[in-house]
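Dear colleague,

I am handing over the structure we spoke about, and I would ask you to keep it open while you read. My notes on what was found in it follow below.

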Amino acid sequence: DWIARYEHLKKELTDIVDKHPGYGYRRIQAELKRRGYIINHKVLRKLLRAWKLAIKRKTRRAKSGIQKILDGFGESVNVIRGISCPTPFQVICCDVTEIVYGSGKVYLAACLDINTKRLLGWTIDKSPRISLVIGAYRKARRYLKKINVDLSKVIFHSDQGSVYTSYSYVTALVKDLVTLSYSRKGTPADNPEVESFFGRLKEEWGDVFADAKTEKEVIALINEAISYYNGERLHSTFDYMTPDEYVASQFKTVAYA
């Protein structure tokens, strides 16, 4: 079976179609190339038909079941609006940003605790796929478990982007008994903490990132910047301690991630 020779592409194609439902085969082919896969357009079209991905692309505009549920909640979808002074690790805000470097761009997904200002989880990839935000969540979850935080008392907040309303992401959090919260549509002010972090990161490190020549180099620099932010950058919010120092002052046993 000739299709079996391309089985390794099925996951990538599914991810591309889910993320870019408006793409035709030419753009899908271009995105595959960006990911390191070269394929003839005729073969690509046959694979899309064989795996019924072309049909999915045409019907993807319909809202997902999760999105319909969120629409039904209206403004109450934002669970954290009534929490003016969250305690440590009560509210974790999540978002994704694009970082440009010398020969391209990567995407950073981040999970930031509002109270301690510590970045608990983050992942970096060349595509803003669902696995990017799930990876950041899982890293944050590992950190929270190390310091014995009860996940059922934690709220993870994000916008209503497709990656954060995907079945994979929602299922991962619901299984851990985490409470989900979302910004109201068209209301960026509902999630300012991570936006502020991203702005500060690019202001202080943007020129450094821009000088990176390779994806590997920029990823190393982003990790260095986050390590500096968590462990060395002083915050006036808690009497000029670093986020790590502030966490240590609140918890007797801390395992740094």
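Against which elements do the buried residues of α6 pack? They pack against β1 (91-101), β2 (104-113), β3 (119-125), β4 (155-158), α7 (167-175) and α10 (243-250). Here helices (H or I, at least four residues) and strands (E, at least two) are DSSP runs, numbered from the N terminus, and buried means under 20% relative accessible area, exposed over 50%, and partly exposed in between, with a 1.4 Å probe and protein chains only.

Please keep in mind that this is a predicted model, in which local features need pLDDT of at least 70 and side-chain atom pairs count only at pLDDT 80 or more, while totals for chains, interfaces and linings use all residues. Residues are numbered from 1 along each chain as its sequence is written, and side-chain values use heavy atoms, with hydrogens and water left out.

Helix α6 covers residues 130-146, which makes 17 residues, and it reaches 25 Å from its first C-alpha to its last, close to the 24 Å expected at 1.5 Å a residue (the expected span is 1.5 Å times one less than the number of residues). Among its buried residues are Leu-132, Ala-136, Tyr-137 and Ala-140. An α-helix has 3.6 residues a turn, so residues three or four places apart point the same way. After α6 comes Asn-148, whose phi is positive, near 60°.

Turning to the strands, β2 and β3 pair in the antiparallel sense over 6 bridges, where pairing requires that DSSP finds at least two bridges between two strands. They form a hairpin with 5 residues between them, and Lys-117 in the turn has a positive phi of about 65°. Ala-110 stands opposite Trp-122 in β3. Because 7 of the 7 residues of β3 are buried, this strand is largely enclosed by the rest of the structure.

Gln-90 lies in the loop between α5 (65-73) and β1, and is partly exposed, with a relative accessible area of 21%. Leaving aside residues up to four places away in sequence, Gln-90 touches Ile-83, Asp-113, Lys-153, Val-154 and Ile-155, a contact being heavy atoms within 4.5 Å.

Finally, the structure holds 0 disulfides, a disulfide being a pair of cysteine sulfur atoms within 2.5 Å. The sulfur of Cys-85 is too far for a bond, because the closest cysteine sulfur, in Cys-93, is 14 Å away. Cys-111 is also in no disulfide, and the nearest cysteine sulfur, that of Cys-94, is 3.4 Å away.

With best wishes
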